[in-house]
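Colleague: I would like to learn how to read a few local features from a model. Could we work through some, one at a time?

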Amino acid sequence: MSETKEKVWKAIAPLVVLAVLLMIPTPEGMPPQAWRYFAIFVAMIVGMILEPIPATAISFIAVTVSVLSSNWVLFGAEELANPSFKAGKEALKWGLAGFSSTTVWLVFGAFIFALGYEATGLGRRIALFLVKFM
C-alpha cells in the first residue's frame with residue numbers, strides 16, 4: 001500500500017467507525033444521546049490508535065464535535081424542553097471544564113518544558129556540566 005493511500009485510510013477510518021456506530025440502533029435502556037456520545041468516543045479512540053494527525057488534535061476535534069452537536073449528544077429531551085435551559089452555554093461550559101483543572105495545566109506545563117529541554121539540548125548540557133563538576 002502506498003504511503004498516500006495509507007494516510008487516507010487512517011484519516012477515513014475514524015469517520016467510518018463513527019458512521020457505522022451511529023447507524024446501529026440504540027441499545028435498549030440507553031438514552032439515544034449517550035449512544036451518540038459513545039460513537040464519538042470510539043471514533044476518537046480509533047483515531048488516536050491510527051494517528052492520522054497528532055492525538056491532541058484528534059481529542060480537540062472530538063470535544064468540538066461534541067459541543068457543536070450538543071443537542072443530539074450531550075443533552076436529553078427533558079433538558080432541551082426546559083425553556084430556562086441554555087444548551088449552547090451549558091455545552092461550552094462542558095467542553096471547557098477540563099481546562100479548569102490545575103492538574104491538567106500542570107501536566108501540560110511538564111510536556112512543554114520537556115519539549116523545550118529536548119529541542120534546546122538543555123538537559124544534556126546540564127548533565128555534562130554535572131559530570132564535569134563531579
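Colleague: Where is Ser 69 found?

Modeller: This is a predicted model. Ser 69 sits in the loop between H3 and helix H4 (70-73).

Colleague: Does Ser 69 count as buried or exposed?

Modeller: The cut-off for buried is under 20% relative accessible area. Ser 69 has 17% relative accessibility, so Ser 69 counts as buried. A polar atom of the Ser 69 side chain lies 2.6 Å from the backbone oxygen of Val 65.

Colleague: Val 65 belongs to H3. How do the axes of H2 and H3 cross?

Modeller: The axes of helix H2 (residues 32-50) and helix H3 (residues 55-68) cross at roughly 165° and come within 9 Å. Angles over 145 degrees count as roughly antiparallel, and H2 and H3 are therefore roughly antiparallel to each other. Their crossing is right-handed.

Colleague: Which residues make the contact?

Modeller: On H2, Tyr 37, Ile 40, Met 44, Gly 47 and Met 48 take part. On H3, the residues are Ala 55, Ile 58, Ser 59, Ala 62, Val 65 and Ser 66. Sorted by class, this contact has eight nonpolar, three polar and no charged residues.

Colleague: What is phi of Glu 51, and where is Glu 51 found?

Modeller: Most residues other than glycine have a negative phi. Phi of Glu 51 is near 50°, a positive value in a residue other than glycine. Glu 51 is found in the loop between H2 and H3. With 48% relative accessibility, Glu 51 counts as partly exposed.

Key:
Residues numbered from 1 in each chain as written. Predicted model: local features only at pLDDT ≥ 70, side-chain atom pairs only at ≥ 80, totals over all residues. Heavy atoms only, no water. Axes fitted to C-alpha atoms, helices over the stretch in contact; angles between N-to-C directions. Helix = DSSP H or I, 4+ residues; strand = E, 2+ residues; numbered from the N terminus. Parallel < 35°, antiparallel > 145°, perpendicular 65-115°, else oblique. Left-handed = near helix turned anticlockwise from the far one by under 90°. Contact = heavy atoms within 4.5 Å. Nonpolar A, V, L, I, M, F, W, Y, C, P; charged D, E, K, R; others polar. Buried < 20%, exposed > 50% of the residue type's maximum accessible area, 1.4 Å probe, protein only. Polar contact = N/O pair within 3.5 Å; in protein donor to acceptor, adjacent residues only side chain to side chain.
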